[in-house]
Amino acid sequence: MRSDVKSKPGHIGIIMDGNGRWATKRLLPRVAGHRAGVKNITPVVSCALEYGVGCVTLFAFSTENKERPKDEVDSLIDLIRKRLKPMTRELIERGARVMFSGAREYFPSDVQGIMADVENENTDPNAQIVNIAINYSGRSEIIRACKIAAEKGDISANGIERELYTYGIPDPDMIIRTGGEKRLSNFLLYQAAYSELFFTDTLWPDFGESELSAMFEEYATRSRRFGRV
Ligand code: IPE
Ligand code: IPE
Ligand code: MG
């Protein structure tokens, strides 16, 4: 789904990268970086919602991240277990609706229960959306959508888009990646076709309002042509 060309982005995706390096620089264990990263979510997302963004998609945990050492994966799952509700409370209080993209069946049932609780806190279809991508893989999302579309006998763009996790949400206008790498790492591969990409060397726990505002300003100056002249 193509969003209208406007000076303000309707949907932004954030690849929150650099937690491990943030911790390593401070001689701390990587999990300390993930904790600092989680703390940074509410202020940055609040700032985006205040700016008027309709949806913020956060890349929190990729399918491939499961290949990290078991203690890191376990501590990431434990952070979701312990911090998801407190982290989203303020966002929900300011009117946002939280949803998730990804293969949630991988998570232990108590974590899936927490995810469902958070989603059910606000089901207003007109609310601003905070979409958390966990155990998410863009390729898997496309394959899954194609399979369901085939079962339903509608392998059209509409038929496939209807089965994406983000169905109903305009494609991301901006994708921001912190942490210095310049790649998508399997994030929103279908939806990112015409997204404006923003990269910063700032590590996710240090990324804040001033840099986000500067990106919004730059976004307003970019010329989006969608293949036209
Ligand atoms: C991003 O930070 C968070 C997750 C992938 C869960 P990293 O953990 O990838 O941090 P770096 O890239 O190693 O610094
Ligand atoms: C992307 O970061 C995933 C998240 C931020 C959740 P990675 O650290 O996993 O990406 P690569 O391995 O550098 O491509
Ligand atoms: Mg990384």
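Okay, ground rules. It's a predicted model, where local features need pLDDT of at least 70 and side-chain atom pairs count only at pLDDT 80 or more, while totals for chains, interfaces and linings use all residues. Residues are numbered from 1 along each chain as its sequence is written, chains are lettered from A and ligands numbered from 1 in the order in which they are written, and side-chain values use heavy atoms, leaving out hydrogens and water.

So, the build. The chain has seven helices and six strands; those are DSSP runs, helices being H or I with at least four residues and strands E with at least two, numbered from the N terminus. Along the sequence, the pattern reads β-α-α-β-α-β-α-β-α-α-β-β-α. The C-alpha trace spans about 50 × 40 × 35 Å along its principal axes.

Next, a helix pair. H3 and helix H4 (residues 109-121) pack at an angle of about 5°, with axes 10 Å apart. (Axes are lines fitted to C-alpha atoms, for helices over the stretch in contact, and angles run from 0 to 180 degrees between N-to-C directions.) Contact, meaning heavy atoms within 4.5 Å, involves residues including Ile77 and Leu84 of H3 and Val111 and Ile114 of H4.

Last, the pocket. A pocket here is an open set of points on a 1 Å grid over the protein atoms alone, where a 1.4 Å probe fits, with protein on both sides within 12 Å along at least five of seven lines; lining residues have an atom within 4 Å of a point. Of its 32 lining residues, Met16, Phe59, Ala60, Phe61 and Asn65 are closest to the centre. And who gives the most to that lining? H3, with six residues.
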